[in-house]
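Please keep the sequence and the structure in view while reading.

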Amino acid sequence: MFAMPGKDFTGLAALFIACALHPGRAAAQSVCADPKPGDFRKTMLTVPGFLHEPVELSVARDGRVFVAERAGRITVYDPLTAQVKVAATLQVADMGGDKGGLLSVAAGPTFLEDRWLYVLYAPRSLWNGNGSFAGGKFSYRLARFRVVEDKLDLPSEQVLLEYPQQVESHAAGSMIFGKQGNLYFSTGDNSRPSVSDQYSPMDEAPGHEYADDQRSTANTNDLRGKVIRIHPEPVLVDGRYYTIPEGNLFPGGMAKTRPEIYTMGHRNPYRIHADMITGRLFIGEFGPAALQNSDRGPAGADEITITETAGNMGYPYFIKDNQPYCHWDFASGKCVAIQGQTGMKYDPARPVNWSRNNTGLNVLPPAMPAAIWEHDGPNPDPVPGLDGCGIGAGPIYHFDPASDSKVKFPPWFEGKEWIYAINGAWQPKLMVIPPGPPAPIRQVVASPFNLAFSADIQDMEYGPDGSLFVADYDNNALFQVTYQGCMPPVSIHRANPGGGGGAASSSGRRRAVAGSAGMVIEEVYDAAGRMGWKLFRRDGNRAPAGAPPGAPSGVD
């Protein structure tokens, strides 16, 4: 995990409360029972028929909810008036499905000060004008607009960047702000998957460029098939309204690379979320749809990837836990040798891209495995119950004990990430994220409520009041889920870094403690600045092992 010197951990304190209040642990039973369906209320915030194709939402710090609709309209829900208004209608090149249109909106952490709303869309003015759209070319644009009252000031538009696109599948287009004000957004591979029998598309034959993912997602010099990370700036810096954060995949000035790339090797990273506390990025991805393992490669799967560093997620050479594809020759229908490797299947430790369509590096960063995946076909999933087509990475909850909200979710949800079906048949679930570096996930728990959302949720996000907002595509609606059940008592204590009182970490640094039910959870750091926690009784003595059962210790 990332070191976070100088941060205010008031809201973070509850990270440790959840450990003491975890379902089944003794401390929780004396305070509140586990949340149950009757503790939650689902409210439709839009009248039926008002929204059309809601694809992503963003909750601003003032509580307003901005919703992107595929055809170019941006709507805003104001909790103070309980009204939904049209904030803007953009002229977009919308080819339907995931081709063009308005992809996403994001209100940043400085929204209250600057009123910028960030928008990712395909302007009609950048489309080449083919009469039927088919085979045409256009560009996606990341821009920002000032919000004046409940309207976007369209003349205030500032363009951050643009990238070209062919009218093919897989646009992705999720956008979220993360730690330190960095903006993440995802881009799809922009390829035609059907010609590869739903295996990895790597057809290098002339004229088949749009069936070769090596020209886009595996290309270090192309923004498609990536998660981009930039830092928006209030004024132009070297001719751009953004700078490059430290720690992206490639340094600025490196030949045959783009410094904006944070992660590469994506097919269709449709929904992403960033954890504002840990800095981790969660990437939900539509994978290939091959139904069977073969000599050519593994059966397809949709994935969630978790990373706290820049990296290569492996596609089109690997999926799932780095299961490799072979170098498939489309003319002969056989696996063939790979230049610079001894076998015919790609090596995750040293992927190579020798496609004639590649304009980037030939030797790529090592591949990183997915955390969880689900298959479309009969193959067994690592975690049962996720069958469907598409898996979205939803928000991660962090309980704020300082908030006086009457509708915030309880500590039971602390640190759990929502995952949900896109074109699937299962209701949203919660991934339990284990301590330590990102690793394969083997624990997914059912939501304590089932409020009958459609089989096509497009986005979820927590508001500043701790409630959950959901963009439901099939119902063309915006929903809010609020909690109205038991809330445990919470106390917060502060300690100066290196100050006394209780046991210190190996580096002698302390930041915050919180407690409930007679226990105190103290946040600690190791010598490398990584965060962990220790458990104490209120009398200051270290809690005995197993009290409460399963309490965490050590560095996360």
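Pro316 lies in the loop between strands β20 (311–312) and β21 (318–319). The structure is a predicted model, and the protein contains three helices and 37 strands. Of its 556 residues, 59% are buried. Among the contacts in the protein with a separation of 6 or more, 60% are between residues 24 or more positions apart. The points below are grouped by topic.

**Backbone features in loops**

- Most residues other than glycine have a negative phi, and most peptide bonds are trans.
- The peptide bond that joins Tyr315 and Pro316 is cis, with an omega of about 10°.
- Asn322 is not a glycine, yet its phi is positive, at about 65°.
- The position of Asn322 is in the loop between β21 and β22 (323–324).
- Asn322 has a relative accessible area of 16%, and it is therefore buried, since the limit for that class is under 20%.
- Asn476, likewise a residue other than glycine, has a positive phi near 50°.
- The loop between β31 (468–472) and β32 (477–483) holds Asn476.
- The relative accessibility of Asn476 is 21%, so this residue counts as partly exposed.

- Asn190 is placed in the loop between β13 (183–187) and β14 (227–237).
- Asn190 is buried, its relative accessible area being 0%.
- Although 77 residues separate Asn190 from Arg267 in sequence, the two are 8.3 Å apart in space, C-alpha to C-alpha.

**Nonpolar cores**

- The largest nonpolar core has 53 residues, and those that touch the most other members are Tyr118, Leu142, Met175, Leu183, Tyr184 and Phe185.

**An open four-stranded sheet**

- Four strands form an open sheet in the order β8-β9-β10-β11, and their pairing is antiparallel.
- The edges of this sheet are β8 (102–107) and β11 (151–166); each has a single partner strand, so one side of each is without a neighbour in the sheet.
- From one strand to the next, the twist averages 20°.
- The antiparallel pairing of β10 and β11 extends over 11 bridges.
- Leu142, one of the core residues named above, stands opposite Leu161 in β11.

**Aromatic pairs**

- A pair of aromatic rings is described by the distance of the centres and the angle of the planes.
- The protein has 24 aromatic pairs.
- One of them is formed by Phe40 and Phe409, which are edge-to-face, at 5.5 Å centre to centre and with 65° between the planes.
- This pair links distant parts of the chain, 369 residues apart: Phe40 is in strand β1 (residues 40–44), while Phe409 is in the loop between β26 (391–396) and β27 (416–421).
- Phe40 is buried, with a relative accessible area of 7%, and Phe409 also counts as buried, at 0% relative accessibility.
- Tyr121 and Phe145 form a tilted pair, with 6.5 Å centre to centre and 50° between the planes.
- Tyr121 and Phe145 are both buried.

**An aromatic cluster and charges over rings**

- Phe40 and Phe409 belong to one aromatic cluster together with Tyr397, Trp412, Phe413, Trp418, Phe449, Tyr462 and Tyr483.
- Lys416 lies over the face of Trp412, a member of that cluster, at 4.3 Å from the ring centre.
- The ring of Tyr270 has the charged end of Arg271 over it, 4.1 Å from the centre of the ring.

Conventions:
Residues are numbered from 1 along each chain as its sequence is written. This is a predicted model: local features need pLDDT of at least 70, side-chain atom pairs count only at pLDDT 80 or more; totals for chains, interfaces and linings use all residues. Side-chain values use heavy atoms; hydrogens and water are left out. A nonpolar core is a set of buried Ala, Val, Leu, Ile, Met, Phe, Trp, Tyr and Cys residues joined through side-chain atoms within 4.5 Å. Buried means under 20% relative accessible area, exposed over 50%, partly exposed in between (1.4 Å probe, protein chains only). Rings of Phe, Tyr and Trp (its six-membered ring) pair if their centres lie within 6.5 Å; planes under 30 degrees apart count as stacked, over 60 as edge-to-face and the rest as tilted. Helices (H or I, at least four residues) and strands (E, at least two) are DSSP runs, numbered from the N terminus. A charge sits over a ring if NZ of Lys or CZ of Arg is within 6 Å of the ring centre and within 35 degrees of the ring normal. Two strands pair if DSSP finds at least two bridges between them. Axes are lines fitted to C-alpha atoms, for helices over the stretch in contact, and angles run from 0 to 180 degrees between N-to-C directions. Contact means heavy atoms within 4.5 Å.
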